[in-house]
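Student: Please take a close look at the sheet. I would like the strand order, the pairing and the packing against it.

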Amino acid sequence: MKVGVVLEDAQGLAGGVCAHFGQCVNFLIVEVDEKNKNILDARVVPNTVPHGGGGCVAVDEILKYGITHVIAGGMGMGAQQKFAAAGVRVFGWSGRVQDAIDALLKNALGGLDACKDHGDCR
């Protein structure tokens with residue numbers, strides 16, 4: 001499993017999950033051993049696309065890392081649809097990244113409602 005987490009900072013697992021997918025400064029790419037429920041690797045990578053392109057542009061950016069799951073505080077419906085089309089599962093979390101990963105490994109993360117101010121990708 002490879003998880004992409006949107007970061008509000010550059011602190012990796014100790015940092016916070018960004019409240020809005022398209023506005024994150026960095027992504028954390030976490031490789032997880034599903035069987036043993038442990039983290040194999042975690043690295044911070046920059047989100048090189050501006051928010052002006054919307055979350056849908058950021059979807060393309062994070063998909064470059066081969067993620068299978070994504071965790072964000074919020075996300076527009078267009079971005080969620082784009083992830084669904086790519087076979088990536090979307091989860092919501094508010095708080096520390098390590099706690100989000102721990103919850104994911106325990107199958108305790110929920111889905112994510114669409115941000116009300118964002119529609120489809122255009």
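Tutor: What follows goes from the sheet to the helix on it and then to the core.

This is a predicted model: local features need pLDDT of at least 70, side-chain atom pairs count only at pLDDT 80 or more, and totals for chains, interfaces and linings use all residues. Residues are numbered from 1 along each chain as its sequence is written, and side-chain values use heavy atoms, without hydrogens or water.

The sheet is open and has 5 strands, in the order E3-E2-E1-E4-E5, with mixed pairing. Strands (E, at least two residues) and helices (H or I, at least four) are DSSP runs, numbered from the N terminus. Two strands pair if DSSP finds at least two bridges between them. E3 (38-46) and E5 (89-92) are the edge strands, each pairing on one side only. From one strand to the next, the twist averages 20 degrees. Angles run from 0 to 180 degrees between N-to-C directions, with axes fitted to C-alpha atoms, for helices over the stretch in contact.

E2 (residues 26-33) pairs with E3 in the antiparallel sense over 8 bridges. Asp-33 has Asn-38 in E3 as its bridge partner.

Helix H3 (residues 97-105) packs on the sheet. H3 touches E1 (2-7), E2, E3, E4 (69-72) and E5; contact means heavy atoms within 4.5 Å. The direction of H3 makes about 150 degrees with that of E1.

Now the core. The largest nonpolar core has 38 residues. Such a core is a set of buried Ala, Val, Leu, Ile, Met, Phe, Trp, Tyr and Cys residues joined through side-chain atoms within 4.5 Å; buried means under 20% relative accessible area (1.4 Å probe, protein chains only). H3 gives the most to this core, with 6 residues.

Note on methods
Buried means under 20% relative accessible area, exposed over 50%, partly exposed in between (1.4 Å probe, protein chains only).
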